[in-house]
Amino acid sequence: MKKVAICGGSGYTGIELLRILSGHSKVEVSAVTSEKSAGKKLSTLFPHLHRYGGLTYEPLNKEKLLTKADIFFLALPHGASQEAVNFFYRNGKKVIDLSADYRLRDPETYKEWYGLSHDFVSTLRKAVYGLPELYRNRIRKAALIANPGCYPTSAILGLLPALKAKIVDSDSIVIDSKSGTSGAGRKADVAVSFCEVNEGFKAYGIGTHRHTPEIEQELSFLAGKEITVNFTPHLLPVDRGILTTIYAKMTKKADTASVLNVYRKRYAGEPFIKVHDEGFLPNIKNVRGTNVCEIGLKVNPRTNTLVVVSTIDNLVKGASGQAVHNMNLIMGFPEQEGLDNIALFP
């Protein structure tokens, strides 16, 4: 039984990690940190996590934590992970970082979009981008995983087969994403309060959202050339879930059935990808609480455009579930361990 520490265990991603790991047979959560909740019992603050009755939140004391766990999940704010990730990694621990601090390979791009210098570039170069469907073999050999963002996960998985098969024009990509409010994090903020969000629907961060360079980095790798995309996120009046609609011009004439065949072949054997049959499109309700990405598509013959729809739960496949999948890979556990569940309904 391997021991796990969760640094930043009182935010949505940390809480979701605890929920998922409560059903994992290969690990035990031995420590959980929270600066604002230090000294408080985990199960008192979050009664649904009653299985952790013996755990108390503690401060992020890196030296003390080092002896408590083999695997470290860091669910800290952007910028706050840099030093802690470097410390645990340099001390021989397996580290999975859920912030953006180690996702962007170019430290200058990170500085441009996050307004922070990266102080641990040598460690940054050791990080593997944690999208299993793209980097599975590299993840298995890694000790430091940069867990992808939620919007990038839905966008990259929606485009991966089409870009690899070169059936779309990589200069024509438009990505239109909608997310539940939990994507903004667990904090007091008027913009995501109930009265502001309920019965509303709005776009935000047009051309400026911080997930843009992450999406472009990975799509450029897939296409073998630099790609710039139009990415627009929207806020949905729901707790969780992301629905991404992608538009791209086809490089040649093709029908929906033939493109679906490309997607099915690329994702054959992937435990957490479901490609819908022709005529069916995903719904965020059907992935709620799961680590599954559902994909549906249609070719619009009038405009010769491929339209792809992908859905994920932003807190699971878009964050904590993917982090557990990455842990399973680097530790040699069965990939679906702790993640083989069906969606919540209703």
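These entries record what I looked up in a predicted model.

**Entry 1. Helices H7 and H12**

I began with a pair of helices, H7 (residues 132-140) and H12 (residues 316-331). Their axes come within 9 Å and cross at roughly 35 degrees. I noted the handedness of the crossing as right-handed.

I then listed the residues that meet. On the H7 side they are Pro132, Glu133, Arg136, Ile139 and Arg140, and on the H12 side they are Lys317, Gln322, His325, Asn326, Leu329 and Ile330. Sorted by class, the residues of this contact comprise four nonpolar, three polar and four charged.

**Entry 2. Lysine 317**

I next turned to lysine 317, which belongs to helix H12. Is lysine 317 buried or exposed? Its relative accessible area is 0%, and buried means under 20%, so lysine 317 is buried.

I looked up which side chains make polar contacts with the side chain of lysine 317. One of them is glutamate 133, at 2.8 Å. Another is glutamine 322, at 3.1 Å. Glu133 is listed among the H7 residues that meet H12, and Gln322 is listed on the H12 side.

Apart from residues up to four places away in sequence, lysine 317 touches Glu133, Thr153, Leu157, Thr290, Asn291, Val292, Ile312, Gln322 and His325. I also checked a distance: the C-alpha atoms of lysine 317 and glycine 296 lie 17 Å apart in space, while the two residues are 21 residues apart in sequence.

**Entry 3. Helices H8 and H11**

I moved on to helix H8 (residues 150-164) and helix H11 (residues 256-266), whose axes come within 9 Å. How are H8 and H11 oriented to each other? The axes cross at roughly 105 degrees. Angles of 65 to 115 degrees count as roughly perpendicular, and H8 and H11 are therefore described in that way.

The H8 residues in this contact are Gly158, Leu159, Leu160, Pro161 and Ala162, and they meet Val262, Tyr263 and Arg266 of H11. By class, I recorded six nonpolar residues, one polar residue and one charged residue in the contact.

**Entry 4. Serine 154**

Serine 154 is also part of helix H8. Its relative accessibility is 0%, and it therefore counts as buried. Setting aside neighbours within four places in sequence, I found serine 154 in contact with Ser177, Ile242, Thr244, Ile246, Ser310 and Ile312. Ile312 is also one of the residues that lysine 317 touches.

For a comparison of sequence and space, I looked up serine 154 and threonine 44. They are 110 residues apart in sequence, and their C-alpha atoms are 34 Å apart in space.

Helix H4 covers residues 81-90. How many of the ten residues of H4 are buried? Eight are buried, so the helix is largely enclosed by the rest of the structure. The buried residues are Ser81, Gln82, Ala84, Val85, Asn86, Phe87, Phe88 and Tyr89. Just after H4, I noted that glycine 92 takes a positive phi of about 85 degrees.

Serine 99 sits in the loop between strand S4 (94-97) and helix H5 (107-114). Serine 99 is buried, with a relative accessible area of 1%. The side chains of serine 99 and aspartate 97 are joined by a polar contact of 2.9 Å.

Lysine 166 has a positive phi of about 55 degrees, although it is not a glycine. Asparagine 304 likewise has a positive phi of about 55 degrees and is not a glycine.

I looked up where each one lies. Lysine 166 is in the loop between H8 and strand S7 (174-179), whereas asparagine 304 is in the loop between strand S12 (293-300) and strand S13 (305-312).

Which relative accessible area does lysine 166 have? The value is 54%, and exposed means over 50%, so lysine 166 is exposed. Asparagine 304, by contrast, is buried, with a relative accessible area of 16%.

Methods:
Residues numbered from 1 in each chain as written. Predicted model: local features only at pLDDT ≥ 70, side-chain atom pairs only at ≥ 80, totals over all residues. Heavy atoms only, no water. Axes fitted to C-alpha atoms, helices over the stretch in contact; angles between N-to-C directions. Helix = DSSP H or I, 4+ residues; strand = E, 2+ residues; numbered from the N terminus. Left-handed = near helix turned anticlockwise from the far one by under 90°. Contact = heavy atoms within 4.5 Å. Nonpolar A, V, L, I, M, F, W, Y, C, P; charged D, E, K, R; others polar. Parallel < 35°, antiparallel > 145°, perpendicular 65-115°, else oblique. Buried < 20%, exposed > 50% of the residue type's maximum accessible area, 1.4 Å probe, protein only. Polar contact = N/O pair within 3.5 Å; in protein donor to acceptor, adjacent residues only side chain to side chain.
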